[in-house]
Amino acid sequence: QMGLFFKTHYPDAHIAVNDIGAVSFLSECRVLDIWGLGSLAVLNEKRNGALSVETLRRLADKDSVRVAALYSWIEVPREWTVAGTWRSDKKILCCGDRVSFYAVAPGALPLLREHLADFTARLPASTTFESSIP
């Protein structure tokens, strides 16, 4: 679903994810891979034990990342704003039962919320969308 989401709404954007498979296959996005398989800079930081919040901020800024879709185990810079979360009751996701979508670039939040709301109808019945809007 992440691959289809980015193909539809961010086809050639600069994004950050920690599950590059379908996203890289289906879209033309420039991907900052937080896991490190597809981004040598991240891998080198992990090898040096230096993959910190500040490092994520620096790498995302350097790559002009607009939005991110990350599994919940990763700590992100405080200015990255959650627009919404997909939760699966089947636990078929790579690293848990939810993936959160973050607005990384200033001004990216309204459009990301709009795109997530639009894509909700395409989610499988086992996956729900939880908006960050109270």
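Predicted model: local features only at pLDDT ≥ 70, side-chain atom pairs only at ≥ 80, totals over all residues.

Student: Which residues have the most contacts inside the largest nonpolar core?

Tutor: They are Met2, Phe5, Phe6, Ile15, Trp86, Phe101 and Leu112, in a core of 25 residues. At least two residues of this core come from each of H1, strand S1 (14-17), S3, S4, S5 and H5. H5 gives the largest share, 4 residues. Another core, of 15 residues, lies apart from it and includes Leu32, Ile34, Val65 and Val76.

Student: How do you know that the buried residues of H5 are on the same side?

Tutor: First, the list: in helix H5 (residues 109-119), Leu109, Leu112, His115, Leu116 and Phe119 are buried. They cover an arc of only 125° around the axis, so they lie on the same side of H5. In general, an α-helix has 3.6 residues a turn, so residues three or four places apart point the same way.

Student: What is found on the other side of H5?

Tutor: Pro110 and Glu114 are there, and they are exposed. The buried residues of H5, for their part, pack against helix H1 (2-9), strand S3 (67-71), strand S4 (81-88), strand S5 (98-103) and strand S6 (127-131).

Student: Now to the charged pairs. Why is the meeting of Arg58 and Glu45 called a salt bridge?

Tutor: The side chains come to 3.0 Å, N to O. A salt bridge needs a side-chain nitrogen of Lys or Arg within 4 Å of a carboxyl oxygen of Asp or Glu, so this pair qualifies. Arg58 is in helix H4 (residues 53-62) and Glu45 in helix H3, 13 residues apart, and the pair links distant parts of the chain.

Student: Are Arg58 and Glu45 buried, partly exposed or exposed?

Tutor: Buried means under 20% relative accessible area, and exposed means over 50%. Glu45 has 18%, so Glu45 counts as buried. Arg58 has 40%, which falls in between, so Arg58 is partly exposed.

Student: What makes Glu54, Arg57 and Glu79 one network?

Tutor: Their salt bridges share partners. Arg57 pairs with Glu54, with the closest N and O atoms 2.4 Å apart, and Arg57 also pairs with Glu79, where the closest N and O atoms are 2.5 Å apart. Arg57 and Glu54 are both in helix H4, 3 residues apart, about one turn of the helix. Glu79 lies in the loop between S3 and S4, so its pairing with Arg57 ties together parts that are 22 residues apart in sequence. A search of the whole structure finds 5 salt bridges.

Student: Why is Leu37 called exposed?

Tutor: Leu37 has a relative accessible area of 70%, and the cut-off is over 50%, so Leu37 is exposed. Leu37 sits in the loop between strand S2 (30-33) and helix H3 (40-47).

Student: Which residues make a nonpolar surface patch?

Tutor: Trp35, Leu37 and Trp73 do, and their patch has an area of about 370 Å².

Terms used
Residues numbered from 1 in each chain as written. Heavy atoms only, no water. Patch = residues over 30% accessible without salt bridge, like charges linked within 9 Å, V, L, I, M, F, W, Y side chains within 5 Å. Areas by Shrake-Rupley, 256 points an atom, 1.4 Å probe, with all protein chains shown as cover. Buried < 20%, exposed > 50% of the residue type's maximum accessible area, 1.4 Å probe, protein only. Arc of directions from axis to C-beta. Contact = heavy atoms within 4.5 Å. Core = buried A, V, L, I, M, F, W, Y, C linked by side-chain atoms within 4.5 Å.
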